[in-house]
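Hi everyone, thanks for coming. I'd like to walk you through a fold today, so please have a look at the screen.

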Amino acid sequence: MIIFDWDGTLCDSAGHIVHALQAAAVEVGVAAPTDAAARDIIGLGLPQALARLFPQMAAALREDMAAAYARHYIASEEAPPALFPGALDLLAGLQARGRELAVATGKSRRGLDRILAIHGLENVFHATRCADETRSKPDPLMLHELLAERGVAHGDAIMVGDTEYDLEMASNAGIASVGVSFGVHSAERLRAHRPVAIIDTLSELLALPQAR
């Protein structure tokens with residue numbers, strides 16, 4: 001099984017997320033995070049991301065900001081984020097090889113289902129897990145659940161992601177990982193979690209022994 005993160009790995013959505021976080025902060029009357037700070041929490045579930053960005057924020061205000069973020073992000077999808085180059089060819093190539101495909105994401109279930117429908121990918125993935133239906137990365141629970149659902153052994157799976165949260169989750173779950181260098185965290189941060197490879201384009205994944 002090849003398990004993908006979504007934002008920053010298959011989908012070039014970081015800009016949409018940053019803009020929605022900053023707009024939500026302005027709406028609720030707090031200082032907007034910098035681009036770098038907003039990008040740094042991409043991959044976490046929204047409650048965990050807001051807790052990192054605004055550790056002193058009252059719980060009620062944090063709930064208001066989460067609702068504002070959702071509105072701004074949905075509005076941004078009038079021009080939806082594109083998939084990274086090679087994403088569709090990669091998924092088709094893995095399907096042709098008989099690989100099971102899955103998504104493990106910090107997005108909400110509604111958010112993931114909506115963007116999969118936008119890109120016509122509703123029937124591509126055998127299983128998906130979102131942060132609002134299990135524990136957020138880097139907790140390994142969503143990976144354990146995906147593998148159990150599909151009856152896949154931990155040694156027969158690999159996690160592909162662009163953040164240290166993805167790779168730390170894989171390490172915590174006892175499965176191998178591949179980092180992508182074009183997402184939100186640097187290759188140096190990814191290397192700290194000992195991925196089997198760091199790739200610069202999605203097409204490179206097809207050449208790795210784990211994908212063959």
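Predicted model: local features only at pLDDT ≥ 70, side-chain atom pairs only at ≥ 80, totals over all residues.

**A walk through the sheet**

Let me start with strand β5, residues 176-180, which is mostly covered, with 4 of its 5 residues buried. Buried here means under 20% relative accessible area, exposed means over 50%, and partly exposed lies in between, using a 1.4 Å probe and protein chains only.

Residues are numbered from 1 along each chain as its sequence is written, and side-chain values use heavy atoms, leaving out hydrogens and water.

Now, who pairs with β5? Strand β4, residues 158-161, pairs with β5 in the parallel sense over 4 bridges; two strands count as paired if DSSP finds at least two bridges between them. Within that pairing, Met159 has Ser177 of β5 as its bridge partner. To get from β4 to β5 the chain goes through helix α8, residues 164-173, in a right-handed β-α-β crossover. Right-handed means that, with the strands pointing away from you, the path from the first strand over the helix to the second runs clockwise.

Helix α8 is mostly covered too: 7 of its 10 residues are buried, among them Tyr165, Leu167 and Met169. After α8 comes Gly174, with a positive phi near 80 degrees.

β5 also pairs with strand β6, residues 197-199, again parallel, over 3 bridges. There, Gly179 stands opposite Ile198.

So what is the order of the strands in the open sheet? The 6 strands run β3-β2-β1-β4-β5-β6, with parallel pairing. At the edges sit β3 (127-130) and β6, each pairing on one side only.

Let's move over to the β3 side. Strand β2, residues 101-105, runs parallel to β3, and 4 bridges join them. Ala102 has Ala127 as its bridge partner in β3, and Thr105 stands opposite Cys130. Ala127 and Arg129 point one way from β3, Thr128 and Cys130 point the other way, and all are buried. β2, helix α6 and β3 make a right-handed β-α-β unit.

Last stop: helix α1 (residues 14-28) and helix α4 (residues 59-76), whose axes come within 8 Å and cross at roughly 135 degrees. Axes are lines fitted to C-alpha atoms, for helices over the stretch in contact, and angles run from 0 to 180 degrees between N-to-C directions. Why call the pair oblique? Angles under 35 degrees count as roughly parallel, over 145 as roughly antiparallel, 65 to 115 as roughly perpendicular and the rest as oblique, so α1 and α4 are oblique to each other. Residues that meet across this pair include Ile17, Ala20 and Leu21 in α1, and Leu61, Met65 and Tyr69 in α4, where contact means heavy atoms within 4.5 Å.

That's my tour, and I'm happy to go back to any part of it.

How values were computed. Helix = DSSP H or I, 4+ residues; strand = E, 2+ residues; numbered from the N terminus.
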